[in-house]
Amino acid sequence: MYRQIFGYIPSVIIPALISMVMIYAYTRLLSPAAFGSYTYVFSAVLVLESSLFYAVPTAVLRFYPRAAINRRRAGLLKEAYGLFYALSAGVIVISVCAGLLVELPAEYRLAAWLALPMLLLRAAVQLNQSVNRAANRMQRYNIINSVHAVLGFGLGLAGLYLLGRGPESIILGLLLAALICACVDLPLLASPFRPAAGALDRRELVKLVDYAWPLVAAAATEVIMQNSDRFLLGSLGGAEMLGIFAVAYSLVERPTSLICLSITTATFSLVLQVMEQRGREAARIQFGRNGIALLAMALPACAGLALTADYVSASLVGPAFRQGVAALIPIMSLAALLRGVRAHFVDHAFHLSNRPLTMLWSYGPATVLNIALNLWAIPKYGMYGAAWTAVVSQLATVIIGWILGSYQFPVWLPAGQVIRCVLAIVPMAAALTLIRFPLDWFGLLAAVAMGAAVYIVSAIALDVGEIQSLGYEQVCKRLRGRASVLAG
């Protein structure tokens with residue numbers, strides 16, 4: 001498991017670094033209000049991408065191991081990509097009609113029209129990557145993820161210099177990056193049109209749709225909960241406040257979500273394979289190990305971000321953003337940790353039980369709570385009210401999701417390992433609190449290096465994730481192998 005996790009690190013590190021560079025550049029080229037305008041458009045894309053196009057890639061991950069065992073991978077891809085194209089056609093028709101009927105503001109109009117093809121191309125890349133991930137094509141997955149991030153930033157930056165400093169310049173760059181990366185896996189995109197895949201199996205297609213449509217409902221509710229604060233903050237607080245909030249959110253969300261995704265990229269497919277091959281009880285044990293692996297990396301990452309917020313804001317963002325971003329990062333780090341545990345661990349119980357629609361019972365109440373609290377908190381406390389509202393809403397989804405998910409698939413974490421994960425960050429927190437560095441790039445890098453080193457030593461000493469045991473087993477295995485070679 002850990003070999004797979006570390007194998008996917010390039011797909012995490014490079015996009016995370018690019019996101020930091022993007023914040024550094026965009027907060028110096030754009031004002032908080034201009035960045036807020038871009039956030040409006042891109043947030044709308046994320047809402048549609050996460051709600052409508054999340055389901056099919058997840059269904060591919062769920063059914064690919066069984067399709068591989070039954071030798072019908074080509075059939076699964078034909079059904080999945082056929083469903084994707086049908087969904088894309090519906091989105092195009094509805095979006096074009098809405099765009100013609102609704103008069104868009106001039107500052108958003110071009111960006112909104114460019115956002116439609118960008119949405120579809122990003123969704124195609126996401127689907128291609130789910131196939132690469134399910135098939136354990138680690139190197140290909142890493143390359144595409146990294147190239148997508150680099151091209152998106154590079155072409156967006158070029159657009160700002162060549163076409164003007166509006167949201168359409170960045171959106172066009174992201175569109176071109178997605179087009180290039182989608183074309184890399186052109187054979188996958190052609191799956192529905194390949195005669196070798198055979199005729200469309202309607203029973204399997206119905207099974208895929210039955211699994212996917214509840215995910216659309218659950219994802220739509222979840223993404224509204226996660227992004228409603230941006231739209232409400234922009235409406236009730238103004239574009240400048242939204243711009244500062246969006247920068248802080250990006251600095252926290254991008255690295256933490258990529259860390260969580262790198263864990264779940266390796267572990268979710270692994271627990272599916274264990275369940276198919278060895279049964280439910282073995283999958284339960286693997287599920288718990290997955291959760292500890294997630295906590296062992298997400299907890300120090302979020303704690304480290306909260307403790308280095310002043311270094312991050314002083315080094316990475318423009319002067320107009322710094323004070324607000326430094327104050328928001330610790331709050332958003334707590335929300336990010338809760339969101340990571342919920343999305344990349346608790347929610348897996350619903351997928352493993354093939355009952356994703358029941359996630360609505362946790363997302364629905366939390367979404368209503370989120371909107372209600374934002375309507376009260378934003379006028380009184382501005383962006384800080386929106387940040388604390390996110391913490392409360394995410395905590396609600398974790399608690400409700402854990403209770404409901406346990407009825408369907410055992411949501412289990414070894415208590416001893418959880419305690420060790422928490423104890424391992426204590427020395428890191430003490431070191432970052434007591435030892436201070438200059439508020440510049442040197443200080444940021446020194447703080448990150450020191451915090452990481454202290455946590456790694458603590459984690460090894462406490463045997464977090466049974467890393468000592470696994471390391472000892474590997475050493476013994478290699479020694480036995482060398483001994484057998486010498487004896488032979």
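Reader: How many positive and negative side chains does the protein chain have, and how far apart do the centres of the two sets lie?

Author: Lys and Arg count as positive and Asp and Glu as negative, while His and the chain ends are not counted. Each charge is placed at NZ of Lys, CZ of Arg, CG of Asp or CD of Glu. Here there are 35 positive and 21 negative side chains, with 8 Å between the centres of the two sets. This is a predicted model, in which local features need pLDDT of at least 70 and side-chain atom pairs count only at pLDDT 80 or more, while totals for chains, interfaces and linings use all residues. Residues are numbered from 1 along each chain as its sequence is written, and side-chain values use heavy atoms, leaving out hydrogens and water.

Reader: Which secondary structure does the protein chain have?

Author: Helices (H or I, at least four residues) and strands (E, at least two) are DSSP runs, numbered from the N terminus. The protein chain has 19 helices and zero strands. Its radius of gyration is 23 Å, close to the 23 Å from the globule rule for 488 residues, so the chain is as compact as a globular protein of that length. That radius is taken over C-alpha atoms, and the rule is 2.2 Å times the number of residues to the power 0.38.

Reader: What percentage of the residues count as buried?

Author: Buried means under 20% relative accessible area, exposed over 50%, and partly exposed in between, using a 1.4 Å probe and protein chains only. Of the 488 residues, 53% are buried.

Reader: How many disulfides does the structure hold?

Author: A disulfide is a pair of cysteine sulfur atoms within 2.5 Å. The structure has zero of them. Cysteine 302 is in none, and the nearest cysteine sulfur, in cysteine 260, is 6.6 Å away. Cysteine 302 is buried, at 5% relative accessibility. For cysteine 421, the closest cysteine sulfur is also that of cysteine 260, but at 13 Å it is too far for a bond. Cysteine 421 is buried too, with a relative accessible area of 1%.

Reader: Where is asparagine 374 found, and which residues does it touch?

Author: Contact means heavy atoms within 4.5 Å. Asparagine 374 lies in helix H16, residues 360–406, and is buried at 0% relative accessibility. Leaving aside residues up to four places away in sequence, asparagine 374 touches Ser228, Asp229, Leu232, Pro379, Ala386 and Thr389. The C-alpha atoms of asparagine 374 and alanine 386 are 5.8 Å apart, although the two residues are 12 residues apart along the chain.
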